[in-house]
Amino acid sequence: MFTERIWKRVEPIWSSYLEHPFVKGLGDGSLDEEKFKHWLKQDYVYLIEYAKLMAIGSSKARDLKTMGMFSELLHGTLFMEMDLHRKFALEFGISEETLEATDAAAVNTAYTSYMLNHAQRGGPEHVVAALLACAWSYNYIGKSLAEQSVEGNRYAQWIEMYSGDDFTELTNSAIELMDQLTAGKPERELAELEEIIVKTSYYEYMFWEMCETLEEWPVAKG
Ligand SMILES: Cc1ncc(CN)c(N)n1
């Protein structure tokens, strides 16, 4: 199976996320509030672009079953995952309008542009390759942080959602879709898809780093 090969390739990259100070801070609740708010706002606009990938996937699907799987992923992102962001925003006094109007920072813009570029140029398998590390690595982080749960962690809901059954189910359907769409594909095409998954895994690390350093654009906005 293609995703077994992928797992071996990305596991060393994803395990480095667990050592990242932002992720560690989420896990033990010590994460600075400003850094979390930066993630919340940046991630909200990231997810709006990410959701468009699934709409593109649905339009490129070659059968109804695949179309339905993309549409479930889209629904899960808009109404399950982004609900978590809306709940945290309420708690931190950020309005939905502010969330939605966030100006995407440099890394965020580069990451979503990279994914959308591959989704638009390729077939449905390119769309899944572009979104796979996103869903799967958050589920991986959520499950790892859930194992070392800390009493009174203010970010507990984050860990619960990303490690929970509903998000795990969504992740598993993305993994299943990747395997279905790559069955019987020649090595040249598999290598191309693998490259997308590795690059998006690097972007994931850069996104954590961007939130840790409160990075926006390298020059002051005029
Ligand atoms: C940057 C990023 N990557 C992944 C996920 C999980 N869908 C997310 N919310 N944000």
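**Leucine 214**

I looked up leucine 214 and found it in the segment after H10; helices here are DSSP runs of H or I with at least four residues, strands are runs of E with at least two, and both are numbered from the N terminus. Leucine 214 has a positive phi of about 55 degrees, although it is not a glycine. I noted it as partly exposed because 14 C-beta neighbours lie inside 10 Å. The scale calls a residue buried if 20 or more other C-beta atoms lie within 10 Å of its own, exposed if 12 or fewer, and partly exposed in between, with C-beta atoms placed from the backbone.

I kept in mind that this is a predicted model, where local features need pLDDT of at least 70, side-chain atom pairs count only at pLDDT 80 or more, and totals for chains, interfaces and linings use all residues. Residues are numbered from 1 along each chain as its sequence is written.

**The whole chain**

I counted 10 helices and zero strands in the protein. Its radius of gyration is 17 Å, close to the 17 Å from the globule rule for 222 residues, so the protein is as compact as a globular protein of that length. That radius is taken over C-alpha atoms, and the rule is 2.2 Å times the number of residues to the power 0.38. The C-alpha trace spans about 50 × 45 × 30 Å along its principal axes. Buried residues make up 37% of the 222 residues.

I then checked contacts, meaning two residues whose C-beta atoms, placed from the backbone, lie within 7 Å. Among contacts between residues at least 6 apart in sequence, 81% join residues at least 24 apart.

**The UniProt record**

UniProt, in an unreviewed entry, places the feature "domain: Thiaminase-2/PQQC" at residues 7-211. Its positions are given in the numbering used here, feature names are shortened, and annotations may be inferred rather than shown by experiment. Over residues 7-211 I read 83% helix and 0% strand, with the end C-alpha atoms 25 Å apart.

**The nonpolar core**

I looked for nonpolar cores, which are sets of buried Ala, Val, Leu, Ile, Met, Phe, Trp, Tyr and Cys residues joined through C-beta atoms within 7 Å. The largest has 57 residues, and Leu53, Val128, Leu131, Leu132, Ala174 and Met178 touch the most other members. Helix H7 (residues 124-147) gives this core its largest share, 13 residues. Leaving out residues up to four places away in sequence, methionine 178 touches Phe2, Thr3, Val128, Ala129 and Leu132.

**The ligand shell**

Around the ligand I listed Asp43, Tyr46, Leu47, Glu81, Cys134, Ala135, Tyr138, Glu204 and Phe207; a residue is near a molecule or strand if its C-beta atom, placed from the backbone, lies within 6 Å of it. Helix H3 (33-60), H7 and H10 are the elements giving two or more residues to this shell. By class I found six nonpolar, no polar and three charged residues. Ala, Val, Leu, Ile, Met, Phe, Trp, Tyr, Cys and Pro count as nonpolar, Asp, Glu, Lys and Arg as charged, and the others, Gly among them, as polar.

**Two serines**

I placed serine 201 in helix H10 (residues 187-212). Serine 201 is buried, with 23 other C-beta atoms within 10 Å. Not counting residues up to four places away in sequence, serine 201 touches Val10, Ile13, Trp14, Ala133 and Ser137.

I placed serine 173 in helix H9 (residues 165-182). Serine 173 counts as partly exposed, with 17 C-beta neighbours inside 10 Å. Serine 173 is 104 residues from methionine 69 in sequence and 7.2 Å from it in space, C-alpha to C-alpha.
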